[in-house]
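Dear colleague,

Please find below the structure that I am handing over to you. My findings follow it, beginning with a question.

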Amino acid sequence: MSKNKGARIIITLECCCKNLMNTNKRRKGLFRYTSTKNRKNTPGRIELMKFCPACNQHAKFKEIK
């Protein structure tokens, strides 16, 4: 028997480059990742450094609703 995955929730991570007026972007718009997190161990919003193809560099991705 496998354990229930009820404690894990799906989150969306959005690049912070949408707030910057960067003219050196590779393309218009913003980029989002989807991931899962454990609700019990991480009650706050998470921030991760990931590669953003829109800005063509590593940037901070913040969790959104």
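Which backbone oxygen does the side chain of Lys37 reach at 2.8 Å? The backbone oxygen is that of Gly44.

Before the details, a note on the basis of the values. This is a predicted model, in which local features need pLDDT of at least 70 and side-chain atom pairs count only at pLDDT 80 or more, while totals for chains, interfaces and linings use all residues. Residues are numbered from 1 along each chain as its sequence is written, and side-chain values use heavy atoms, with hydrogens and water left out.

Overall architecture

The chain has 4 strands and 0 helices, and its elements follow the order β-β-β-β from the N terminus. Strands (E, at least two residues) and helices (H or I, at least four residues) are DSSP runs, numbered from the N terminus. Strands E1 and E2 run antiparallel and are joined by 7 bridges; two strands are said to pair if DSSP finds at least two bridges between them. Within this pairing, Leu13 stands opposite Tyr33 in E2. E1 also pairs with E4, in the antiparallel sense, over 4 bridges, and there Cys15 is opposite Phe61 of E4.

Of the 65 residues in the chain, 20% are buried. Here buried means under 20% relative accessible area, exposed means over 50%, and partly exposed lies in between (1.4 Å probe, protein chains only). The accessible surface of the chain is about 5,400 Å², and carbon and sulfur atoms account for 51% of that surface; the areas come from the Shrake-Rupley method with a 1.4 Å probe, and for residues only the protein chains shown count as cover. Contact denotes heavy atoms within 4.5 Å. Among contacts between residues at least 6 apart in sequence, 53% join residues at least 24 apart.

Salt bridges

How many salt bridges does the structure hold? There are 3 salt bridges, each defined as a side-chain nitrogen of Lys or Arg within 4 Å of a carboxyl oxygen of Asp or Glu. In general, side chains of opposite charge can pair when their charged atoms come close.

Glu14 is buried at 6% relative accessibility, whereas Arg32 is partly exposed at 47%. Leaving out residues up to four places away in sequence, Glu14 touches Leu30, Phe31, Arg32, Lys60, Phe61, Lys62 and Ile64.

A further salt bridge is formed by the side chains of Lys37 and Glu63, at 3.0 Å from N to O. This pair too links distant parts of the chain: Lys37 belongs to strand E2 and Glu63 to strand E4 (residues 57-64), 26 residues apart. Lys37 is buried, with a relative accessible area of 7%, and Glu63 is buried, with 12%.

In the salt bridge between Lys60 and Glu47, the closest N and O atoms are 3.7 Å apart. Lys60 in strand E4 and Glu47 in strand E3 (residues 47-52) are 13 residues apart, and the pair links distant parts of the chain. Lys60 is partly exposed at 37% relative accessibility, and Glu47 is partly exposed at 45%.

The surroundings of Lys37

To return to the opening question, a polar atom of the Lys37 side chain also lies 3.2 Å from the backbone oxygen of Thr42. Apart from neighbours within four places in sequence, the residues in contact with Lys37 are Ala7, Arg8, Ile9, Ile11, Thr42, Pro43, Gly44, Arg45 and Glu63.

Cysteines

What is the count of disulfides? The count comes to 0 disulfides, where a disulfide is a pair of cysteine sulfur atoms within 2.5 Å. Cys16 is in no disulfide, and the nearest cysteine sulfur, that of Cys15, is 4.9 Å away. Cys16 is partly exposed, with a relative accessible area of 27%. The sulfur of Cys55 is too far for a bond because the closest cysteine sulfur, in Cys52, is 3.3 Å away. Cys55 counts as buried, at 6% relative accessibility.

With kind regards

Technical notes. A polar contact is a pair of N or O atoms within 3.5 Å; within protein, one must be able to donate a hydrogen and the other to accept it, and residues adjacent in sequence count only if both atoms are side-chain atoms.
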